[in-house]
Amino acid sequence: MQPKRERIRIGKEKLQRIIEMCKSVEERSLDPFLIDVNEVISVIKEYFPEWEVPEDLCLDAETVHRLASVIKLQSEWVKHRSTSLYTDPFLLEEKLTRIDKEDMVEVFFKAWHPIVELEQISLHSIAEAMKYWENLLPLKERWKEFPTAEFEAGTTTRDELVKQRILRDKAFSEELENFWQEMKSKVKEKGDDGRIRYWDFVGAETYEETVHRAFMTSFLITYGYATLEVYPLEEEILIKPYDKPVTKIGKKQLVSIPIAVTTDNWMKWKRGELK
């Protein structure tokens, strides 16, 4: 067992390295998911009982503060990447270099919507504006406080939550297992080379059911029941279920792949315009 003084020294060095790593992510705009949040939290928890002097506690607080900044950056990264307007600059450049001149001109024509507009103020408009301001009530009369609605707190049961479709009747693990079996059956029926297109699996008759299927699929992939194959240039995403759950996927670094399940994308899939 290490002496207490030695553990304190090692713990302080680890916290300093975590702080420098978080600073690098903040200042150099690096991928915030390079930081393993769970591992950092475990280090902070491991050495927290060793801190006795204010300087060490301040170091611990700064580490938590830096980690919170990284988590905020991760949240913003996911929001940005999940918007349908986001396009990877590299992919955009690749597509532009491959497209023909005639196709490029056609794309410009489709996106060209010239707008001609003339705006000018007239004497009639000035008279109307003056009349409006003269009849306007004072601020204190316009900004009256609205009465606050009062709500009564109550209790509910699991059966009622199931009836309101807030909770499912089945246990989550059982539902996940059934969903995995359904994925494997669909791959055998409609898939190719043990894979199936993402939207062909999560797509359903209603948008609400599609969102639920996308939600369950994300858990299957996270828990190692299946994996994603992404082909950016072809704009194609495939799902490949495993025969058995994989608890550890080699030494590869796990990455987050945001997929926008919007009503627009769902409608495109219904019309056969989305892979």
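## Close-up views of a predicted model

**View 1. Arg 9 and Glu 13 pair within helix H1.** Arg 9 counts as partly exposed, at 39% relative accessibility. Buried means under 20% relative accessible area, exposed over 50%, and partly exposed in between (1.4 Å probe, protein chains only). Glu 13 is also partly exposed, with a relative accessible area of 36%. Arg 9 forms a salt bridge with Glu 13, and the closest N and O atoms are 2.7 Å apart. A salt bridge here is a side-chain nitrogen of Lys or Arg within 4 Å of a carboxyl oxygen of Asp or Glu. Both residues lie in helix H1 (residues 4-28), four residues apart, about one turn of the helix. Helices (H or I, at least four residues) and strands (E, at least two) are DSSP runs, numbered from the N terminus.

The model is predicted: local features need pLDDT of at least 70, and side-chain atom pairs count only at pLDDT 80 or more, while totals for chains, interfaces and linings use all residues. Residues are numbered from 1 along each chain as its sequence is written, and side-chain values use heavy atoms, with hydrogens and water left out.

**View 2. A salt bridge links Arg 213 and Glu 182.** Their side chains meet at 2.9 Å, N to O. Arg 213 lies in helix H11 (residues 207-222) and Glu 182 in helix H9, so the pair ties together parts that are 31 residues apart in sequence. Glu 182 counts as partly exposed, at 29%.

**View 3. A salt bridge links Glu 205 and Lys 270.** The N to O distance is 3.3 Å. Glu 205 sits in the loop between helix H10 (198-202) and H11, and Lys 270 in helix H12 (residues 263-270), so the pair ties together parts that are 65 residues apart in sequence. Glu 205 is exposed, with a relative accessible area of 63%. Lys 270 is partly exposed, at 39%.

**View 4. Three strands form an open sheet.** The strand order is S1-S3-S2, with antiparallel pairing. Two strands pair if DSSP finds at least two bridges between them. Strand S1 (196-197) and strand S2 (226-231) are the edge strands, each pairing on one side only. S1 and strand S3 (residues 236-241) pair in the antiparallel sense over two bridges. Ile 196 stands opposite Ile 239 in S3. Helix H9 (residues 172-190) packs on the sheet and touches S1, S2 and S3. Contact means heavy atoms within 4.5 Å. The direction of H9 makes about 115° with that of S3. Axes are lines fitted to C-alpha atoms, for helices over the stretch in contact, and angles run from 0 to 180 degrees between N-to-C directions.

**View 5. Leu 92, Leu 96, Ile 99 and Val 107 make a nonpolar surface patch.** The patch covers about 330 Å². Patch residues have over 30% relative accessible area and no salt bridge; like charges are joined within 9 Å, nonpolar side chains (Val, Leu, Ile, Met, Phe, Trp, Tyr) within 5 Å. Areas come from the Shrake-Rupley method with a 1.4 Å probe; for residues, only the protein chains shown count as cover. Leu 92 is found in helix H4 (residues 89-98). Leu 92 is partly exposed, with a relative accessible area of 44%.
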